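Hello,

Here is the structure you are taking over. Notes on what was found follow below it.

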Amino acid sequence: MRSFFYATLFAASANAAAPLLAQATPKVEEASIDQLRAMMARGTSSVAITRAYLARIAAMDRTGPTLRSVIAVNPDAIAQAQAADARRKAGKPVGPLDGIPILIKDNIETLDPVATTAGSLALKDNVTRRDAPVVAELRRAGAVILGKTNLSEWANIRSNNSISGWSAIGGQVRNPYALDRTPCGSSSGSGAAIAASFAAAALGTETDGSVVCPSSINGLVGLKPTIGLVSRTHIVPISHSQDTPGPMARSVMDTAILFSAMIASDPADPATKDASARRGDYTRTLAAASLKGVRIAVLRPRMGDGLRASFEAALDVLKAQGAVLVEADAPKSDGLGEAEFAVLLSELKGDLNTYLATTPPAVKTRTLADVIAFNEANKAAEMPFFGQETFIAAEKTRGLDDAEYLGARAKSKRLAGVEGIDAVLAKADAAILVAPSYGPGWLIEPVYGDQYQGPSSSELPAVSGYPNLTVPMGLVKGLPVGLSFIGTAYTEQKLLEAGYVYEQASRKRVPPRYLPTADVGPGMDGVR
């Protein structure tokens, strides 16, 4: 659906961008960050590149394929690009992203004059005029903040029956590969927008799967970092145990460039106290990376025939690059899902209440209870397809000192970490674990909600706080699937190297064609 707020924003941005469509603009479709930097080195301005992306958004997000992946364009984007051009002209670029347009998921605050809504009408006036520290780091590297991306409302935590990619403000994000298919979530708009070349790269956020799934299903590279490497301050929260921003791009190199600029300690986020010591250029080893002799543990979940064939082909690529593959058994994780959910419910109430208390006076919902009441009072706009039973369950929790919560957190971390990823890697004497990220995207279904029943790589790294990198593994009946590289804490460099070697050897990413539907044949996309 379209809210008035959403329609008004885009009427304004489309009118502003209309004259740009008639101008000769740089070719930004499928352009990498290095290619954009090369354009600027040859004399193309950041302003021209920024205008090209704005024109592409105006032509394809509201009309044409109508992806609905961008909630708001930044009215200050051109001014930021002009400043980057002036720095370059003066010979004083500030960093590797100088002049590069980046999109930001709309649960992450920016100091630009746009709201941070998490897709909810309750936050439509949440213009904080403050940067989340992760955005401030991107600005320090020179990034142009192009706009905010649509998302699954409240990052998909309001209801177990939600529709990935739908929000009351943004409407339904569509998959650029097949418009009737899900973009997954909750970083749905970031996934669809970068697949469609609406910017060079984007920030998503993940609690469990929200970077990895939309990256996999939209044919992107996405990295869910180790908890504690990237600040979560001024991001609409779910769980301080599991939330993290993550980079999403069309290549491992671009993902590594963005990731390198995101890492920093933040005094307001104690989990990041050691992050600055881990700053560095995560691209530096990629060109010379090798998998020769690298032991990789292989998890084989149940999957459909098409996904299985793609996975086996990916394993053949890894072997051809010299990797030693070791078959691994999935760890015993009985009770992990229930324990994780208990943690998320308790932390959602406490963390969201803390965040809402810091929002501007124009935001009238100051607690989770206020949000629940707002949704009920605005049911037609906020809950036309699914309810808020998860919010209601979270409101009933007893706080972060509750013994049940503390026990659930200890249990979930043990099952996912020490007895999960750690145990699998130790038994295989391996440095990296690989598995299918997700199967292909399912049909968007407003009656029954998300209907995915296939494999997922996200739970163990999400709960343990470990990194998960997904890299395109090709198409299954026209729909993207991804290969996950998973490691223990702070192994991002290893994962990026392995992902880069696989990517360069396989070349499996295929640009989208914006088809109305995909011929997926009989049956569901996942387990058969």
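Leaving aside neighbours within four places in sequence, F485 touches L318, I432, L433, V434, P467, N468, L469, V471, L495, A498, G499 and Y502, where contact means heavy atoms within 4.5 Å. This is a predicted model, in which local features need pLDDT of at least 70 and side-chain atom pairs count only at pLDDT 80 or more, while totals for chains, interfaces and linings use all residues. Residues are numbered from 1 along each chain as its sequence is written, and side-chain values use heavy atoms, with hydrogens and water left out.

F485 also belongs to the largest nonpolar core, which has 94 residues; L97, L138 and L318 are likewise among those with the most contacts inside it. A nonpolar core here is a set of buried Ala, Val, Leu, Ile, Met, Phe, Trp, Tyr and Cys residues joined through side-chain atoms within 4.5 Å, buried being under 20% relative accessible area (1.4 Å probe, protein chains only). Helix α8 (residues 252-262) gives the most to this core, with eight residues. Another core, of 19 residues, lies apart from it and includes I238, L345, L348 and I372.

Strands are DSSP runs of E, at least two residues, and helices runs of H or I, at least four, numbered from the N terminus; two strands pair if DSSP finds at least two bridges between them. Strands β2 (residues 101-105) and β3 (residues 144-149) run parallel, joined by five bridges, and L103 stands opposite G147 in β3.

Regards

Terms used. Buried means under 20% relative accessible area, exposed over 50%, partly exposed in between (1.4 Å probe, protein chains only).
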